[in-house]
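Here's a walk through a few local features, starting with some aromatic packing. Have the sequence and the 3D view open as you read.

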Amino acid sequence: MSTPVGSRPALAWVVNISVILLVALWTLPTFGILVSSLRDKDQLAVSGWWTALTSSERNLVARAAPPENATLEGGRYVLTGNVFEGGSGEVTGFGISSRDPSAFAVGEEAELRGGATLTVEANGDYTIAYAEEPEPGRGQRIFVSSVEPPRFTTENYENVLFSEGLGKSFINTMTVTIPATVIPILIAAYAAYALAWMEFPGRALLLAAIVGLLVVPLQMSLIPLLRLYNTVGIGKSFIGIWLAHTGFGLPLAIYLLRNYMAGLPREIIESARVDGASDFEIFRKIILPLSFPALASFAIFQFLWVWNDLLVATVFLGNNEEQLVLTGRLRELLGSRGGNWEILTASAFVAIVVPILVFFAMQRYLVRGLLAGSVKGG
């Protein structure tokens, strides 16, 4: 592709290729989680998502019907059934011991105790033949190696969406997230304007302290804050977690908004002051509309941070059923060992639906704010 000054520079190709690689690195794992969330849980446990469209090998353990169900056919007592129990697949081998599930080929006859024989066909049909009438008892265990076609299901999402208490947890998350996003933006906008356009002693030191707070790990303040909240009577409450998220988000919000507001044209501010506008009028009628891109950007980051938070919610709300947030509810669904991959992958997409909607909605307003806040120099 040509440009007005000649051939396209090599740097542009490097940038484009880098962007494509970054997009692929982010998109590929997300696509893998989506595919995994729709797979059968048994197949998901033994193979990766990239094999979702191919048949998968699997070892099954089936138990035959009780021996007393055998019927007399041709002088022998015969018991029949299918190892897939209503499912589908192709048997490649079978055995009577877990140490060797492929000891016998399909159609081959395996000898059991008491003179009985076992045969398993490729479609999963098994036949157990007894020389004499068998005694009542548990059915024979059959170990099978099979190749199963890919199976997709919505059962994983049904288990997540219709789990008990999920709706309450969703409301709790919204109750936490919306105020914890709005409150720091309101406070930070006023503080950023003061630090950017108002002269007062100690302004530089105050800004340096805010920048210093950016590097303080929030984990260091969790226990002291919780003790303080318990002392004043707001521990394990929504007010406490609102204040916690506000405190954790304010340094970054003030820093970002102050830098943005400080870059606005000074001529506009000075012209408004000459016309007799107060600081509040300047802030409300000029600074806020021009700063909408920065406000929208921080709103997106703060909303995503609070929505996906588990640590702060666990500390300041606990795990009681009335205040459990969505991330806490999904954690409970995973079990104590966290091995339910089908629940984990489905939960991931259930949890990101609202953040995705918020992002695209705010992105539209962000573009509008960029256009409205542009200043054309004369």
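## Rings on one helix, and a partner from another

Phe303 and Trp307 sit four residues apart in helix H10, about one turn of the helix. Helices here are DSSP runs of H or I with at least four residues, strands are runs of E with at least two, and both are numbered from the N terminus. Bear in mind that this is a predicted model: local features need pLDDT of at least 70, side-chain atom pairs count only at pLDDT 80 or more, and totals for chains, interfaces and linings use all residues. Residues are numbered from 1 along each chain as its sequence is written, and side-chain values use heavy atoms, with hydrogens and water left out.

Rings of Phe, Tyr and Trp (its six-membered ring) pair if their centres lie within 6.5 Å; planes under 30 degrees apart are stacked, over 60 edge-to-face, and the rest tilted. By this rule there are ten aromatic pairs. What makes Phe170 and Trp307 an edge-to-face pair? Their ring centres are 5.8 Å apart and the planes meet at 80°, so the pair is edge-to-face. Phe170 belongs to helix H4 and Trp307 to helix H10, so this pair ties together parts that are 137 residues apart in sequence. Phe303 and Trp307, on the other hand, are stacked, at 5.9 Å centre to centre with 15° between the planes.

As for burial (buried is under 20% relative accessible area, exposed over 50%, partly exposed in between, with a 1.4 Å probe and protein chains only), Trp307 is buried at 3%. Phe303 is buried as well, while Phe170 comes out partly exposed at 36%. Elsewhere, Phe31, Trp49 and Trp50 make up one aromatic cluster.

Helix H7 covers residues 238-262, so to speak 25 residues in all. From first C-alpha to last it reaches 34 Å, close to the 36 Å expected at 1.5 Å a residue, where the expected span is 1.5 Å times one less than the number of residues.

Where does H7 bend? At Leu250, by about 40°, with a proline, Pro251, following within four residues; the bend is the angle between axes fitted to the seven residues ending there and the seven starting there. Both Leu250 and Pro251 are buried, and other buried residues of H7 include Gly240, His245 and Met261. The buried residues of H7 pack (contact means heavy atoms within 4.5 Å) against several helices, among them H4, H6 and H10.

## Strands

E3, E10 and E6 form an open three-stranded sheet in the order E3-E10-E6, with antiparallel pairing; two strands pair if DSSP finds at least two bridges between them. E3 (56-63) and E6 (90-95) are the edge strands, each pairing on one side only. Eight bridges join E3 to E10 (residues 141-148), and Asn59 stands opposite Ser145 in E10.

E9 (residues 125-130) pairs antiparallel with E5 (residues 76-82) over six bridges, and with E8 (residues 117-120) over four bridges, again antiparallel. Ile128 in E9 is the bridge partner of Leu79 and of Leu118. The hairpin of E8 and E9 has four residues between the strands, and Gly124 there takes a positive phi near 100°.

## A buried serine

Ser347 is found in helix H13 (residues 341-372). Is Ser347 buried or exposed? Its relative accessible area is 5%, so Ser347 counts as buried. Leaving out residues up to four places away in sequence, Ser347 touches Val160 and Leu330.
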